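Dear colleague,

Please find below the structure that I am handing over to you. My notes on what was found in it follow directly after.

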Amino acid sequence: MDLTYTPEEEDFRARLREWLAKALPELPARPDPLDWPGRRAYDLGWQRRLYDAGYGSLHWDAPPALRLIFLEETELAGAPYVGANFVGLLHAGPTIAAEGTDEQRARWLPPILRGEAVWCQGFSEPDAGSDLAALRTRAVRDGDDYVITGQKTWTSHAEIADWCELLVRTDPEAPRHRGISWLAMPMDAPGITVRPLRTLAGPAEFAEVFLDEVRVPVANRVGAEHDGWRVTMVTLSFERGTAFVGEVVACRRTLGGLARTARANGRWDDPVLRRRLGRLNAEFTALWRLIQWNVGAGGEAGGAPGAGGSVFKLRYSQARQELYDAAAEVLGASGALDADQEWTAARLSSLSYTIAAGTSQIQRNIIAERILGLPKGR
Amino acid sequence: MDLRPTADQRALQTSARDLLARRFGRDRLRAAVDDPALDRALWRELGAAGFFALRLPEADGGVGLGLPDAVLVFEEAGRALLPGPLVAGHLLAGVVPGAATGERVVGLCDVGTGGARLWEHPEDCDELIMVEDAGPDASCGDGPDASSGDGPGASSGCGPDTSSGDGPDAYWNAPDWPTLAPLRSIDPLTPLARVVSYPRRAPRALDVPRLRREATLLTAALQLGSAARTVEMAVEHAGRREQFGVRIGAFQAVKHLCAEMLIRVDIARSAVYAASLTGQSLPVIGAKVLADEAAVRNARDCLQVHGGMGFTWEADVHLHLKRAWLRLEQWQSGAKAEEALAEALLADAAAV
């Protein structure tokens, strides 16, 4: 048990801090959330700066402790979030790095790292959500191409993506986990229609993607044909591992803000609310420690967190919703019912956390079956 | 930076688990339910194994280890439901002669504001340390016999003259000094008495805030061990018991209960281990809150998974639940802990 960082790690932190202090004031103004081209340019521009400063590939090749320091410090400094680079840096990129050929790595990875390409994820379908292996989007071989027809959904950043990491069914006769392939699909290919989906929080944060006889070269397949399920599992554990580190730091800051606001507006006099905030303090402190635990465990296992990520994801998603429920109480009616109030908007967004990246129910199945060894069932 | 125990620490924890499995297995546990008098031979054996002297310097006959190591050993004691004033014996090993070796059994009772005022195993203790808050609120004892009796350390009477100033105070008591109110303990393994009053005849110079902090942390470690054990019990049962032709662990209604139990353990463990490294007050309080939650709710869920069997005296589940309820009231109970954690938010600038 050790919570101290090595001198090298502290040095990394100090240099990063110094760089952030210089780089952040030079950033352009943040784009309007509805301005998709503006968001694309902003997010890619941030990745380019990270790349130029030597932090571009950190999510892939740095030791877990450095990744943790990076995510902590960027959040504390108020740096931009990974944004449109999310799928490229945390799903598709690591998958290509792990499973792609030399040629594929040379083709797709440098643009991700240099902030030149946006990737989106074509996994979920209207009838394949939690049960992802039920996906039906068909890919039929035709010479050197696959011809793809079907529909994907919950595809974030589809409007501005250059590439889509796409799961397709290449063998409808095989057992369902064995007939799937992983393809890199260029988003400008003919036959692709993107229809933005509005979330309950207001803006369109993801989209449906309709595929009508879209041709994708066989050379764009990563991994063996029909082996896409195994290839995919590499990316999913990445998503549950490091994606929320910065957010936990941000939640702790928000919690402090809630306490100060409650003190200022008199709601602090309510002992029930105070105790609720006190408990959330313990909760988010412990979540940070759980991250550190998982980082240590991940360092041993080779980077990708396993089922331990499910434990964190489940508890964090609940805690985040409790945080913003408490915010509503701190704000009172005029704030809690004001859709433009920052915490109220965040409360709406927080509703996705127990659903996205594997629902809480699916996470509990994973924990019960893979960690506790309980029998599979319904 | 790695929060997980080192190989040495895992070995220490394993040896504690082995000792307890050998000396305090299920038969012994059930025998203690029928007769909760402390097993003095076991107590001395714990002393010989270094359970109490774990953190005393080697020069003083101790093991020379730290708080994280103590937490790992206490986790095992919690898992085994080992009864007795373990926290007191450990924390007072360097204070009360004979405590370190287990020759003498010492009790520790918090009678300060919000303290439980409960004395564990009153019949078994050879001596007792009272900790309280000094200052204007600390009245002169609080019972009729505050200055009666004539034991050792006899500056009879009480009050600011025996106090160290503005910090909390500690007093040594012979076992027959305090006035007690009887209490039939909810936990069959832990006899209790409520301390009504006691003489402040023999002050002891102890670092009471530190004593409280470490007692809170070690109690949290006991809760953690219990919480981890009830997950195992629930999983064992759910993986064996069949209804509707399948093992009940295959039903999501059951397996999701078990998953939530594991999550509580993991979050509490991260908090307890990290607090043992920093030793700071707030992380310790936070760890206690989460370990209490894990122990109590896991025991209840474990009971639920066991169905009707879980409601019987014969099953061990109730022993975990009752001990968890008891520890919940000891050293930083819910409301006071949450208030302290809330208050800290006003000062804290989200420092990690």
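**Helix α6 of chain B and its surroundings**

In this predicted model, helix α6(B) is made up of 31 residues and spans 45 Å between its first and last C-alpha, close to the 45 Å expected at 1.5 Å a residue. Most of α6(B) is covered, with 25 of its 31 residues buried.

**The sheet in chain B**

- β1(B) pairs with β3(B) (residues 127-132) in the parallel sense, over five bridges; Asp110(B) stands opposite Val131(B) in β3(B).
- β3(B) and β4(B) are antiparallel, also with five bridges; Ile129(B) has Trp172(B) of β4(B) as its bridge partner.
- β4(B) and β7(B) are antiparallel over three bridges; here Trp172(B) is partnered by Ala202(B) of β7(B).

Strand β4(B) deserves a separate word. Five of its five residues are buried, so β4(B) is largely enclosed by the rest of the structure. Asp169(B), Tyr171(B) and Asn173(B) point one way from the strand, whereas Ala170(B) and Trp172(B) point the other way. In a regular strand, side chains alternate between the two faces of the sheet.

**Nonpolar cores**

The largest nonpolar core holds 169 residues, of which Phe284(A), Leu46(B), Ile129(B) and Val272(B) touch the most other members. Its largest share, 16 residues, comes from α6(B). Another core, of 25 residues, lies apart from it and includes Ile160(A), Ala189(A), Ile192(A) and Val216(A).

**Contact between the chains**

Between chain A and chain B, 54 residues of the former are in contact with 54 of the latter. Together the two chains bury about 4900 Å², 66% of it on carbon and sulfur atoms. Met1(A), Trp293(A) and Arg315(A) supply 19% of the area that chain A buries against chain B, more than any other three residues.

With kind regards

Notes: Residues are numbered from 1 along each chain as its sequence is written. Chains are lettered from A and ligands numbered from 1 in the order in which they are written. This is a predicted model: local features need pLDDT of at least 70, side-chain atom pairs count only at pLDDT 80 or more; totals for chains, interfaces and linings use all residues. Side-chain values use heavy atoms; hydrogens and water are left out. Two strands pair if DSSP finds at least two bridges between them. Helices (H or I, at least four residues) and strands (E, at least two) are DSSP runs, numbered from the N terminus. The expected span of a helix is 1.5 Å times one less than its number of residues. Buried means under 20% relative accessible area, exposed over 50%, partly exposed in between (1.4 Å probe, protein chains only). A nonpolar core is a set of buried Ala, Val, Leu, Ile, Met, Phe, Trp, Tyr and Cys residues joined through side-chain atoms within 4.5 Å. Contact means heavy atoms within 4.5 Å. Buried area is the accessible area (1.4 Å probe) that two parts lose on being put together, summed over both.
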